[in-house]
Amino acid sequence: MVCTPNRAQTYSLSDSQEEIRQTAETFCRERIKPLAYQIDLSNCFPHDLFRELGQQGYLGMSCPSEFGGSGLDLVTICLVLEEVSKVSGSVGSSLNAHIGLATTLIAEHGSSLQKQRYLPSLASGESIGAFGLTEPSGGSDAGHPLTHAVQTQSGWSISGSKAFITNGTVADIFVITARTDSGVSAFIVERGSPRFEQGPADHKMGMRGSDTCTLYFQNTPVGHDALIGSEGSGFRAFAQTLDRGRIQVAALCVGLAQAAFELACSYASERIQFGKSIASFQGISLQIAEMAAAIDSARLMTLNCARMYDNHLGIKLQSALAKYHAAEMAIKCTSATVEILGGYGYLTDFPAERYMRDAKMYQIGEGTSQIQRLIAAREILGNAIVKIGV
């Protein structure tokens, strides 16, 4: 039996936050967990499950209530994302890309008409959202995209490509960056737009079933109303969205690590060697204690950062540190679980190896661990001392 804290007391959650977390925990255990193995094995996006997530309100968590969402605070969203990721890393990744990137950017930076046009369908699950920043040439240098947009009489013409885009094969609404005369701008592109192609799904080590692909734009025409905010304001909008997004990714990492931890505890308590459970050996028990400390510290950092965001405080340093720490922690904990399970940890019959494969993505996706450390160092030491991209 795994000893779990009273989260409401330990993490100072409100009654509403704890109630939503418990509801999400039950839904994830009953509806997502039984499908997790097959989603990974088939590497197919679970369309039916996402429709159900929309019906249950989870796809509208970051959407204001006037547009059909629930407008939850970030602490509550992180609690839900942790529960989803705990049962399926791939479902958590796709859910986060939908609510934390595409929906949030339109909700926080879109015009009234854009919100009215896109948010209701995103909140209900009628439409799936994707966020296009990374390009085949790289993703860390987000301020200098090669994709470009040229103004025309009827709107804009976009040319270029975006790579590793989560939900890329299944999305209906894409929020992307492109270079314009005034700098980096953000645009909304709809599925089926002329000369816009969604490439085939990438074959990945982990996060299987959370489709990523390359997007291709060949003089793709979009209207004037596709521009989010003013021309040249896209980088700032994306940067703010990514600051928040790092907190949500940290919550996903905590969920994966928690799942691995509980599996390790259960297996170590039941596995008998030399006449006693392997949990009684210090080599195992100390690993489990270290995992518990690492997970709790990452969860505390994540929830504290989310509270800062909810209270309109600056989070650039804290979100970079939370994402970095949680990603590295998840790798260590999932790897330790594979080790504790021994040969069984290496088999696909057990979820330990899936947890480890999924966790590896978060050292890379939504800002590598190296970039997170550079951001943190720059915030601590100053831009003049720590320069990124120089």
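In this predicted model, Phe174, Phe196 and Phe217 make up a single aromatic cluster. Across the whole structure, the search returns nine aromatic pairs. One of the pairs joins Phe27 and Tyr58, whose ring centres are 5.4 Å apart and whose planes make an angle of 40 degrees, a tilted arrangement. Phe27 and Tyr58 are both buried. A further pair involves Phe45 and Phe50: the centres are separated by 4.7 Å and the planes meet at 35 degrees, so this pair is also classed as tilted. Burial applies to both Phe45 and Phe50.

Strand β1 comprises residues 129–132 and is covered on both faces. On one side lie Gly129 and Phe131, and on the other Ala130 and Gly132; all of these residues are buried. The strand pairs with β4 (residues 173–180) in the parallel sense, and the pairing runs over four bridges. Within β4, the residue standing opposite Gly129 is Ile173.

On the surface, a nonpolar patch is formed by Ile380, Leu381 and Ile385. Together these three side chains' residues account for about 330 Å² of accessible area. Ile385 lies in the segment that follows helix α11 (369–381). The relative accessible area of Ile385 is 62%, so this residue is classed as exposed, the threshold for that class being over 50%.

The cysteines were examined for disulfides, and the count is zero. Cys44 takes part in no disulfide, and the nearest cysteine sulfur, which belongs to Cys213, is 15 Å away. Because its relative accessibility is 43%, Cys44 falls in the partly exposed class. For Cys63, the closest cysteine sulfur is that of Cys78, at 18 Å. A disulfide requires the two sulfur atoms to be within 2.5 Å, and the separation of Cys63 and Cys78 is therefore too far for a bond. Cys63 has a relative accessible area of 0% and so counts as buried, the limit for that class being under 20%.

Definitions and conventions
Residues numbered from 1 in each chain as written. Predicted model: local features only at pLDDT ≥ 70, side-chain atom pairs only at ≥ 80, totals over all residues. Heavy atoms only, no water. Buried < 20%, exposed > 50% of the residue type's maximum accessible area, 1.4 Å probe, protein only. Helix = DSSP H or I, 4+ residues; strand = E, 2+ residues; numbered from the N terminus. Pairing = 2+ DSSP bridges. Phe/Tyr/Trp six-rings, centres within 6.5 Å; stacked < 30°, edge-to-face > 60°. Patch = residues over 30% accessible without salt bridge, like charges linked within 9 Å, V, L, I, M, F, W, Y side chains within 5 Å. Areas by Shrake-Rupley, 256 points an atom, 1.4 Å probe, with all protein chains shown as cover. Salt bridge = Lys/Arg side-chain N within 4 Å of Asp/Glu carboxyl O.
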